[in-house]
Amino acid sequence: MIVVFKHFFYKNYVGLSLWPFIILKNDDLKDDIVLINHEKIHLKQQQELLIVFFYVLYISEWLLRTLFYLDSYRAYQNISFEREAYANEKNLDYPDDRKVFGFLRYF
(Lines give C-alpha, C1' and ligand atoms only; values in the text may rest on other atoms or scores of the structure.)
Protein backbone atom coordinates (compact mmCIF):
# COMPACT_ATOMS: atom_id res chain seq x y z
CA MET A 1 0.00 0.00 0.00
CA ILE A 2 1.38 3.41 -0.99
CA VAL A 3 0.75 6.48 1.17
CA VAL A 4 2.00 10.07 0.89
CA PHE A 5 3.30 12.14 3.82
CA LYS A 6 4.88 15.36 2.60
CA HIS A 7 6.47 16.41 5.90
CA PHE A 8 7.83 13.02 6.94
CA PHE A 9 11.16 13.13 5.11
CA TYR A 10 14.60 14.45 5.94
CA LYS A 11 16.52 16.39 3.25
CA ASN A 12 16.74 14.51 -0.07
CA TYR A 13 14.95 11.34 1.02
CA VAL A 14 11.75 10.80 -0.95
CA GLY A 15 10.52 7.33 -0.01
CA LEU A 16 10.73 4.59 2.54
CA SER A 17 9.15 1.30 3.43
CA LEU A 18 7.60 0.64 6.81
CA TRP A 19 5.87 -2.71 6.61
CA PRO A 20 3.35 -2.93 4.97
CA PHE A 21 3.47 0.62 3.57
CA ILE A 22 5.55 2.45 1.01
CA ILE A 23 5.62 6.06 2.17
CA LEU A 24 6.39 8.75 -0.40
CA LYS A 25 7.17 12.45 -0.14
CA ASN A 26 4.65 13.49 -2.81
CA ASP A 27 1.99 12.12 -5.16
CA ASP A 28 4.14 12.46 -8.29
CA LEU A 29 6.49 9.80 -6.95
CA LYS A 30 3.76 7.16 -7.31
CA ASP A 31 4.67 7.10 -11.00
CA ASP A 32 8.40 6.53 -10.36
CA ILE A 33 8.57 2.79 -11.06
CA VAL A 34 12.26 2.55 -10.10
CA LEU A 35 11.63 4.14 -6.68
CA ILE A 36 8.58 1.95 -6.09
CA ASN A 37 10.57 -1.14 -7.06
CA HIS A 38 13.39 -0.11 -4.69
CA GLU A 39 10.87 0.13 -1.86
CA LYS A 40 9.27 -3.21 -2.82
CA ILE A 41 12.69 -4.82 -2.41
CA HIS A 42 12.80 -3.41 1.11
CA LEU A 43 9.34 -4.82 1.82
CA LYS A 44 10.60 -8.27 0.77
CA GLN A 45 13.64 -7.88 3.04
CA GLN A 46 11.39 -6.86 5.92
CA GLN A 47 9.05 -9.77 5.35
CA GLU A 48 11.78 -12.40 5.30
CA LEU A 49 13.30 -11.00 8.51
CA LEU A 50 9.93 -10.93 10.26
CA ILE A 51 9.90 -7.12 10.18
CA VAL A 52 11.43 -6.44 13.61
CA PHE A 53 14.73 -8.14 12.82
CA PHE A 54 15.02 -6.09 9.63
CA TYR A 55 14.85 -2.84 11.60
CA VAL A 56 17.27 -4.10 14.26
CA LEU A 57 19.80 -5.18 11.63
CA TYR A 58 19.29 -2.07 9.48
CA ILE A 59 19.86 0.35 12.36
CA SER A 60 22.76 -1.70 13.76
CA GLU A 61 24.49 -1.82 10.40
CA TRP A 62 23.94 1.90 9.88
CA LEU A 63 25.42 2.71 13.32
CA LEU A 64 28.47 0.50 12.76
CA ARG A 65 29.09 1.89 9.29
CA THR A 66 28.66 5.45 10.57
CA LEU A 67 31.42 4.80 13.09
CA PHE A 68 33.56 3.22 10.36
CA TYR A 69 33.07 5.94 7.73
CA LEU A 70 32.45 8.86 10.13
CA ASP A 71 29.77 9.88 7.63
CA SER A 72 26.14 8.92 8.17
CA TYR A 73 25.11 9.33 4.52
CA ARG A 74 27.98 7.19 3.27
CA ALA A 75 27.04 4.66 5.95
CA TYR A 76 23.45 4.64 4.66
CA GLN A 77 24.64 4.08 1.09
CA ASN A 78 26.65 1.04 2.21
CA ILE A 79 24.03 -0.74 4.30
CA SER A 80 23.64 -4.19 2.75
CA PHE A 81 19.86 -3.75 2.44
CA GLU A 82 20.34 -0.50 0.53
CA ARG A 83 23.10 -1.90 -1.65
CA GLU A 84 20.82 -4.76 -2.71
CA ALA A 85 17.90 -2.41 -3.40
CA TYR A 86 19.98 0.12 -5.37
CA ALA A 87 21.75 -2.60 -7.37
CA ASN A 88 18.45 -4.15 -8.44
CA GLU A 89 15.92 -1.31 -8.45
CA LYS A 90 15.81 -1.12 -12.27
CA ASN A 91 15.04 -4.84 -12.57
CA LEU A 92 11.27 -4.80 -12.14
CA ASP A 93 11.18 -8.59 -11.78
CA TYR A 94 13.70 -8.63 -8.95
CA PRO A 95 11.27 -8.45 -5.99
CA ASP A 96 9.55 -11.62 -7.24
CA ASP A 97 12.70 -13.42 -8.42
CA ARG A 98 15.17 -12.56 -5.63
CA LYS A 99 16.60 -15.29 -3.46
CA VAL A 100 15.74 -15.32 0.24
CA PHE A 101 18.29 -13.30 2.24
CA GLY A 102 19.59 -11.81 -1.01
CA PHE A 103 20.97 -8.86 0.94
CA LEU A 104 23.71 -11.11 2.39
CA ARG A 105 25.55 -10.90 -0.94
CA TYR A 106 26.02 -7.17 -0.28
CA PHE A 107 27.68 -7.29 3.15
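**A tour from the aromatic pair to the pocket**

Start by selecting Phe54 and Tyr58: both are buried (under 20% relative accessible area, 1.4 Å probe, protein chains only). You're looking at a predicted model, where local features need pLDDT of at least 70, side-chain atom pairs count only at pLDDT 80 or more, and totals for chains, interfaces and linings use all residues. Numbering runs from 1 along each chain as its sequence is written, and side-chain values use heavy atoms, with hydrogens and water left out.

Phe54 and Tyr58 sit 4 residues apart in helix α2, about one turn of the helix (helices are DSSP runs of H or I, at least four residues, and strands runs of E, at least two, numbered from the N terminus). Across the whole structure, 15 aromatic pairs turn up (Phe, Tyr and Trp rings, the last by its six-membered ring, with centres within 6.5 Å; planes under 30 degrees apart are stacked, over 60 edge-to-face, the rest tilted). The rings of Phe54 and Tyr58 have centres 5.5 Å apart and planes at 45°, so this pair is tilted.

Next, hop to Asn37 in helix α1 (residues 33–48). Asn37 is buried, at 4% relative accessible area. Beyond its neighbours within four places in sequence, Asn37 is in contact with Asn88, Glu89, Lys90, Asn91, Leu92 and Pro95 (heavy atoms within 4.5 Å).

Finally, show the lining of the largest pocket: α1 supplies its largest share, 6 residues.

How values were computed:
Buried means under 20% relative accessible area, exposed over 50%, partly exposed in between (1.4 Å probe, protein chains only).
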